[in-house]
Amino acid sequence: MKFSINHPILYVMVSVLILVVLAQSVYFLVRAYRRALQIGMDKSRLKKTITSAALFTIAPAISILVGVVALAKSLGLPLPWLRLSIIGSLSYETIAAGSTLNELGLEMGAGISSASAFVTVAWVMTLGIVIGLVLTPLLSKKIQGGMKKLENMDKKWSEIFSNAMFLGMISAFLGYVFWDFASVFSGKISALIPALVMLSSAVLMLICGLLTKVLKARWITDYALPISLVGGMAMAIPITNWLG
Amino acid sequence: MKKEMTYLDSVHRDGKIWGFTLLALILAFPLAISIIFKAVPEWGAFGRAILSVLPMYWAVGIIEIFTYIPMLGAGGSYLSFVTGNISNLKLPCALDAMEKADVKANSEEGEIISTIAIAVSSIVTTLIVAIGVILMMVSNLGAVLESEILKPAFDQLLPALFGGLAVVFVSKNWKMSIIPMVVMLALFIFTPLTSGEVGIMAPVGVIITLISSRIMYKKGML
């Protein structure tokens, strides 16, 4: 069979894999929802969780799609579609694909024409990210058991422990936003853009919090994160035009 | 007497079945390409590329498992490690949902809320990307998504996400946040670290926060 990066058979294989992944999500969703009703959890809370999660996901999902577009130039549509729908994230996949293309002596951005180069890239991208999928089934029960033990030993510390993990991650992303900040002093004011976007998003979140209190409207809290995310992204456009 | 299986046990059982099935399918994909198109990988390039990307990915992957699973819960983890985009999508989504519902990840209610949020997020992502791919085949959606007007918005997704999120979580734990935030700011501003290293720095931030919180807790400051 003559190879092409957009060969119909690739689309078929990718669609099948993605359907299985979709089935897994639906399966766990239905099971969790049923269990929630069984133990008497509030139905309206579950509905709010669903709508809020769905709304929050739209903008990041579109940005994943932008990643597919970027990688599609060299790899065609099916492979990036698969890699970014299952496990992959744009930064990982770009590096994995980029270094393999480099080793193959090919340019990033030019379409691959040989099947053996394509399969080389596909193997490197797959093996690079597969570790989580191997270890999660093997370790997650043990890790959760460890957390339970910690909780039984010292409940307050176990709460601090879980908060600390997420705060640690937030602080890394805060650092990331300021990674190029030093170059502001050498006159590159565009390095301020990420910081200003982050600030806009934080201010929007504060406004949502205030409105919730003033208007006594709890529903605003449920949509505060999607609002500050999309609002921050929208603000990025004028901020970039201004400083970029 | 046979012990009755709890909900959590059944999640672990099903998670393993789904996880290993998907693992097999994902590995079958490049294998199938080889068979269908009668193509073998170029081993030299394959070996060199694997050596350059694998050690770092796997190291980060292993650390991610230990940091994310306690935060995501069992069902959430099984889904997240299949559908990916954890730090920039699944984890914030789950934590926000648990925060709103006022439940903790290690309780059964938390487990359920986290699973629901991550499942919905995975389904919505998969659908949007699939619809997008179909539209790209028949229209010039690709060009629209890459347009210069929209580009800044997508470039700034992470700052826009973590700004709002930081307000929620830092304001609740401000004492614990100060040390890691100062250390991370200093590391990123005054060393040659670039934006690409945030994936590696996240676990470093976690370890710093755990140590500083432990010390503060022992001294009775929290």
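**Exercise 1.** State which residue just after α4(B) takes a positive phi, and how far that helix is covered.

*Solution.* Just after α4(B), D102(B) takes a positive phi of about 60 degrees, where helices are DSSP runs of H or I with at least four residues, numbered from the N terminus. Helix α4 itself spans residues 86–101 of chain B and is mostly covered, since 15 of its 16 residues are buried, a residue being buried if 20 or more other C-beta atoms, placed from the backbone, lie within 10 Å of its own.

This is a predicted model, in which local features need pLDDT of at least 70 and side-chain atom pairs count only at pLDDT 80 or more, while totals for chains, interfaces and linings use all residues. Residues are numbered from 1 along each chain as its sequence is written, and chains are lettered from A and ligands numbered from 1 in the order in which they are written.

**Exercise 2.** Decide whether F154(B) is buried or exposed, and find what F154(B) touches.

*Solution.* Begin with its place, which is in helix α7 (residues 151–155) of chain B. F154(B) has 20 other C-beta atoms within 10 Å, and is therefore buried. Leaving aside residues up to four places away in sequence, F154(B) touches S63(A) and V66(A), contact requiring C-beta atoms, placed from the backbone, to lie within 7 Å. Finally, the C-alpha atoms of F154(B) and W174(B) are separated by 29 Å, with the two residues 20 residues apart along the chain.

Note on methods
Buried ≥ 20, exposed ≤ 12 C-beta atoms within 10 Å, placed from the backbone. Helix = DSSP H or I, 4+ residues; strand = E, 2+ residues; numbered from the N terminus. Contact = placed C-beta atoms within 7 Å.
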